[in-house]
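Could you take me on a short walk through this structure? I have it open in my viewer and would like to know what to select next and what I will find there.

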Amino acid sequence: DPQNPLRREGILHSVVGSEYGAQAIAVHGGLLGFNTNGYLGSLRNISLHTLRLDEFAEPLEVEASLQFRSDGNQVYEFKICTGGRDVISGRVAIFSLSVESL
């Protein structure tokens with residue numbers, strides 16, 4: 001979408017895919033009933049296979065898979081591809097906040 005608010009100077013850079021991955025992780029965690037009071041603690045092993053996300057005609061497919069969970073904290077891996085081509089992948093750590101600390 002040319003009006004995507006994540007565009008900068010008319011370009012949707014591939015690093016924005018990390019936000020899409022984080023959104024997929026939040027949806028997954030919500031569907032599983034995980035505590036949603038938390039924050040993105042780290043992005044690691046980010047692999048960008050293209051410079052832009054807006055150069056593809058096919059829709060982006062976002063996958064998120066839970067790798068580890070303990071005490072409400074989670075580690076996920078995510079991958080975005082389109083038309084059989086990898087676009088971006090990485091690992092995200094989510095740290096939960098206890099209700100008492102809010």
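Start by selecting residues 17-31, which make up helix α1 in this predicted model. With 15 residues at 1.5 Å each, this helix should span 21 Å, and its end C-alpha atoms do sit 21 Å apart, so the expectation and the model agree.

Stay on α1 and colour its buried residues: Gly17, Ser18, Tyr20, Gly21, Ala22, Ile25 and Gly29. What do they pack against? Show the strands β1, β2 (61-70), β3 (73-82) and β4 (85-96), and you have the partners of those buried residues.

Next, select β3. Seven of its 10 residues are buried, so the rest of the structure largely encloses this strand.

Now look at how β3 pairs with β2: the two run antiparallel, joined over nine bridges. Find Ser70, which faces Asn73 in β3. Two residues lie between the strands of this hairpin, where Asp71 has a positive phi near 50 degrees.

Move on to β4, which pairs with β3 in the antiparallel sense over nine bridges. Here Thr82 stands opposite Arg85. This hairpin has two residues between its strands, and Gly83 in the turn has a positive phi of about 55 degrees.

For the last stop, select Val15, Leu40, Leu43, Ile46 and Leu48, a nonpolar surface patch with about 390 Å² of accessible area together. Zoom in on Ile46, which belongs to strand β1 (residues 38-48). Its relative accessibility is 33%, so Ile46 counts as partly exposed.

How values were computed:
Residues numbered from 1 in each chain as written. Predicted model: local features only at pLDDT ≥ 70, side-chain atom pairs only at ≥ 80, totals over all residues. Heavy atoms only, no water. Patch = residues over 30% accessible without salt bridge, like charges linked within 9 Å, V, L, I, M, F, W, Y side chains within 5 Å. Areas by Shrake-Rupley, 256 points an atom, 1.4 Å probe, with all protein chains shown as cover. Salt bridge = Lys/Arg side-chain N within 4 Å of Asp/Glu carboxyl O. Helix = DSSP H or I, 4+ residues; strand = E, 2+ residues; numbered from the N terminus. Buried < 20%, exposed > 50% of the residue type's maximum accessible area, 1.4 Å probe, protein only. Expected span 1.5 Å × (residues − 1). Contact = heavy atoms within 4.5 Å. Pairing = 2+ DSSP bridges.
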